[in-house]
Amino acid sequence: MTKAVVAMLAVVVVAGCGGSTWTGYEPLYPPLTIFAASSLQPAFDKIGQKAISQHIATPSFNYAGTQTLTAQLLQGGPGDVFASADAAHMTSVDSADLLAGPSRIFAHNKLEIAVGNGNPKGIQTLADLSRAGLVVVLADPSVPAGKYGQQALSKAHVTVKPASLELQVTGVLNKVALGEADAGIVYVSDIVTSGKVDGVAIPDDQNIVADYPIAVLKSTQNQAAANAFINFVLSGEGQGILKASGFLGV
Amino acid sequence: MVLAGLGLLFFLLPLAGLIFRAPWDQALAGITAPETATALELSLFCSLAATAVALVLGIPLALVLSRTTGNLRNLLRALTTLPMVLPPVVGGVALLLAFGRHGLVGSLLYQAFGIQIPFTTAAAIMAETFVAMPFLVIAVEGGLRALDPRYEEAARALGARGWMVFARVTLPLLRPAIFSGAVLCWARALGEFGATITFAGNFPGRTQTVPVAVYVALETRPDSAIVLSLILLAVSLAILVGMRDRWLGAP
Amino acid sequence: MARVKVNRAGFALDVQLDVDEGETVAVLGPNGAGKTTLLRALSGLIPVVGRVELAGEVLEDSRLRLRVPTERRQIGLVFQDHVLFPHLTVLDNVAFGLQAQGRRDAKQVARRWLERAGLDDRAGSMPRELSGGQAQRVALLRTLATEPRLLLLDEPLSALDVTIRAEVRRELARQLASFRGVRLLVTHDPVEAIALADRLVVLENGRIVQSGTPEEVTARPRSRFVADLAGVNLLRGKSHGDHVKLANGSSIAAPDAGEGDVFAVIHPRAVALFLTRPEGTPRNVWQGETESIDLHGERVRVRVSGQVPLVAEVTPSAVRELHLAVGAPVWVAVKATEISVYPA
């Protein structure tokens, strides 16, 4: 019995730490815990450094798939700020009355097809993804990127038989980067910051625009600092960093 | 006593949480849902297959381990127990680097036969075997070391050759160790998550074992996740209880 | 005729042993003498530096790097505590060796052996259900059934209860008598050795110190072990005509034994004890201190330390008359004629 429980614990623990955390220096300025979707990691790491150097706050980031973060928050995980990869998850958190104030959209993202360096399989369109013999990896529909990917595919009237439905968008990226998958659907930002894969653009009529909302959580220890952080994200500097990482600004 | 009680509580509380928060009214619907059945079937199939592989490869490995001495033994021991201390995801990555399309062995298989191992059920079985086999090896090796060497000596003195000694003396006397090792191995394989999703990915019916299904369900259908967890718990409990002390004890 | 010759370095077992067919040789020695090592070496369970030959066939020769593995030596090994296979029935145990030989009638032959020994009613029992004596008898049958050329018995009776030991010993003697082959038995129990062996070989610290029939060996002990076994005092020294000089410098008057290294044996009954220095003829008179007083049946054994440490055997009344007590001084006298001296 203990073994089964331990196995269960293992599952739950792993479910809980699907991502990574970045800690800044000794918190001289208000420490903040930011729950952020994993696709935001490269951009937010840089934003975090700036926030410290400008004495706004000392953020620690809890990166994970948005669905995982949502589950954690719904189960009572404490945090200061939530940056989600789609509006639906922010709405769930809002419905559970966990937000201190209304959420704001701080970035947009679009989808792009990730392929190996040099595009060895010569993929040009979403339709190419249904080619026989191609190993395609998508994000699971429970993940925002996965849901958007399905939407894009149905817009393009394409049926794909994926080899795997990854639980984080970064999983899709890694599989393509490692060469285990020939192609995957990820965010534009993922491809920009990766450098290990090439991208094939998806035309706007097939693409979707993902809204990234951000909000302060009720469980915050320092509302002022949390607000300041969000303002920084929305500021020219913050937006500049996001755009450099492949996001679309607001 | 107090400490023991705390320890017990530590194990019982999550279990209690699972049971009390369970949506019993939806439990039936959850159990009979096709996704559940698929995940459960796949989990049972993969974990049993992994245990079978572990038995075939692990018993001879344990034999070798028990017969070597010195530095070689320490090295072999470290290698075989490495998966036990490695974080499962790291194990998954290692498997990819070995058996993936660009992996050490995988690339040869891919180029020569077009065989791709990741994202297949076989990959799930391999991932589970990787993390669970050390349990079997350690248990069997322990059993071998505890075995009185004179039984084998007596058999040899009576004229029995290597294979007969192994099959008619060593193996039967090892039965309790093999059994308990196999059960531990199976339980570990059943609960494996990190290596599985890294190496085999997630796809219902092919690689979505119950732990993975629980993870996926956690956000979208948390009640379903709880039901799945309970089912896995019940199945594991049933088998562990069925395995009575008698089987774990000495011959 | 079988010749078994073993030289083994490492544990410094250096032994040259010849055993004839039809002869039971008992290797006797204290614990740690190397008896079990010898058996294991002969079985092929441990390597040997030297040569082992059986009935003309070389089983092992370290110089030629030749080694016949244990399972092909056609030997029979009986352990101290039977080592029956716990997961097999008595019948399966006895049939095991026959099955290893590939015999299809293994079980029938095994059953016949059990019947002859009167144990066939236990054929279906498991080893843990047997008494110690029964188990050891089954172990013996298991070995005999394979009709080995060399039978090696490692202290076959020492694990048994004293009360059943005699009975099993008798049966063992019976079985050994009808066994055609070479028989080698090791033991630390002299009664076992004398009862079962035609010839004794005394092993001490990895070396053979004495060999002969039981009577020969005990009459002229060449080691403390055998002396204790025979219950006599054994001294060692240099003979100079009519006296023997011991290592510690003391001198004993003894029958003329020429010059050279000798053993001197004094039976405890020949050692006389006195409260004060005795008058009279004995030239061997020493003072000592009573170390211990033990009752053995109707006799008392008194150990005396001193220049010449000896064990004396006296009557209980003598103890009372002499007021013998541990730690008290006492005088010891031995007639020279009572001492038997022979070359070392």
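Two strands are taken to pair if DSSP finds at least two bridges between them. The legends below describe close-up views of a predicted model.

**Figure 1. Strands β12 and β15 of chain C run antiparallel.** Strand β12 covers residues 233–240 of chain C, and strand β15 covers residues 259–266 of chain C. Eight bridges join the two strands. Within this pairing, C:Leu234 stands opposite C:Val265 of β15(C). Strands of a sheet pair through backbone hydrogen bonds, in either a parallel or an antiparallel manner.

**Figure 2. Five strands of chain C form an open sheet.** The strand order is β14-β13-β12-β15-β21, and the pairing is antiparallel. At the edges of the sheet are β14 (251–253) and β21 (339–343) of chain C, each of which pairs on one side only. From one strand to the next, the twist averages 40°.

**Figure 3. Chain C is divided into two domains.** Domain 1 comprises residues 2–84 + 130–227, and domain 2 comprises residues 232–343. The C-alpha centres of domain 1 and domain 2 of chain C lie 36 Å apart. Where the domains of chain C meet, five residues of domain 1 are in contact with six residues of domain 2. The side of domain 1 that touches domain 2 has two nonpolar, no polar and three charged residues.

**Figure 4. Helices α2 and α4 of chain C cross at roughly 30°.** Helix α2 spans residues 90–100 of chain C, helix α4 spans residues 132–144 of chain C, and their axes come within 7 Å. Angles under 35 degrees count as roughly parallel, and α2(C) and α4(C) are therefore roughly parallel to each other. From α2(C), the contact is made by C:Val90, C:Asn93, C:Val94, C:Phe96 and C:Gly97. Helix α4(C) contributes C:Val138, C:Leu141 and C:Arg142. By class, this contact of α2(C) with α4(C) has five nonpolar, two polar and one charged residues.

**Figure 5. Chain B contains 13 helices and zero strands.** From the N terminus on, the elements of chain B run α-α-α-α-α-α-α-α-α-α-α-α-α. The C-alpha trace of chain B spans about 65 × 60 × 30 Å along its principal axes. Of the 251 residues of chain B, 43% count as buried. Among contacts in chain B between residues at least 6 apart in sequence, 76% join residues at least 24 apart.

**Figure 6. Helix α8 of chain B packs against elements of chains B and C.** This helix covers residues 149–157 of chain B, and its buried residues are B:Glu153, B:Ala154, B:Ala155, B:Arg156 and B:Ala157. The buried residues of α8(B) pack against α9 (162–191) of chain B, and also against α1 (35–43) and β7 (75–78) of chain C. After α8(B) comes B:Gly159, whose phi is positive, near 105°.

**Figure 7. Chain B meets chain C through 15 residues of chain B and 18 residues of chain C.** On the side of chain B that touches chain C, α8 and α9 of chain B are the elements that give two or more residues. The largest share of this side, six residues, comes from α8(B). The residues on the chain B side divide into ten nonpolar, one polar and four charged. Two pairs of chains touch, and the most contacts are between chains A and B. Chain A and chain C do not touch, and their nearest C-alpha atoms are 30 Å apart.

**Figure 8. A:Ile214 is a buried residue in strand β10 of chain A.** A residue is buried if 20 or more other C-beta atoms lie within 10 Å of its own. A:Ile214 has 22 C-beta neighbours inside 10 Å and therefore counts as buried. Leaving aside neighbours within four places in sequence, A:Ile214 is in contact with A:Val81, A:Phe82, A:Ala83, A:Ser103, A:Arg104, A:Phe106, A:Ile230 and A:Val233. A:Ile214 and A:Ala36 are 178 residues apart in sequence and 8.9 Å apart in space, C-alpha to C-alpha.

**Figure 9. A:Pro203 is an exposed residue in a loop of chain A.** The loop lies between β9 (197–201) and β10 (209–216) of chain A. A:Pro203 is exposed because 11 other C-beta atoms lie within 10 Å. A:Pro203 and A:Glu112 are 91 residues apart in sequence and 9.1 Å apart in space, C-alpha to C-alpha.

How values were computed. Residues numbered from 1 in each chain as written. Chains lettered and ligands numbered in written order. Predicted model: local features only at pLDDT ≥ 70, side-chain atom pairs only at ≥ 80, totals over all residues. Helix = DSSP H or I, 4+ residues; strand = E, 2+ residues; numbered from the N terminus. Axes fitted to C-alpha atoms, helices over the stretch in contact; angles between N-to-C directions. Buried ≥ 20, exposed ≤ 12 C-beta atoms within 10 Å, placed from the backbone. Contact = placed C-beta atoms within 7 Å. Domains from an automatic or database assignment. Nonpolar A, V, L, I, M, F, W, Y, C, P; charged D, E, K, R; others polar. Parallel < 35°, antiparallel > 145°, perpendicular 65-115°, else oblique.
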